[in-house]
Amino acid sequence: MQEIAAQTLTPEQIKARAERTRVLLAERFGHYVTDEESAEVRRKMRDATAAHRAALAEGERPR
């Protein structure tokens, strides 16, 4: 459990990584990520995570 916790990013680390990604996309590719695009990606990730967890829970039920 400690190993997993040590590898898990904090909210601050996640925000810093996202900002570095925005800068990289702008500087190297000329793509400026809008707040709306970021929000949409976060929503899709939350939906995908929820669907994955639901599928796992479904598979764990006794048949």
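## Exercises on a pocket and its salt bridges

By class, six nonpolar, three polar and five charged residues make up the lining of the largest pocket (Ala, Val, Leu, Ile, Met, Phe, Trp, Tyr, Cys and Pro count as nonpolar, Asp, Glu, Lys and Arg as charged, and the others, Gly among them, as polar). The model is predicted, so to speak of local features takes pLDDT of at least 70 and of side-chain atom pairs pLDDT 80 or more, while totals for chains, interfaces and linings use all residues. Residues are numbered from 1 along each chain, and side-chain values use heavy atoms, without hydrogens and water.

**Exercise 1.** Find which helix gives the most to the lining of the largest pocket.

*Solution.* Start with the 14 lining residues; the closest to the pocket centre are Ile14, Ala18, Ser38, Val41 and Arg42. Next, helix 2 (11–29) and helix 3 (35–60) each give two or more residues. Helix 3 gives the most, with seven. Helices here are DSSP runs (H or I, at least four residues).

**Exercise 2.** Locate the partners of the salt bridge between arginine 22 and aspartate 35.

*Solution.* Their closest N and O atoms are 3.2 Å apart. Arginine 22 sits in helix 2 and aspartate 35 in helix 3, 13 residues apart.

Note on methods:
1 Å grid on protein atoms, 1.4 Å probe; cavity = no way out; pocket = protein on both sides within 12 Å on 5 of 7 lines; lining within 4 Å. Salt bridge = Lys/Arg side-chain N within 4 Å of Asp/Glu carboxyl O.
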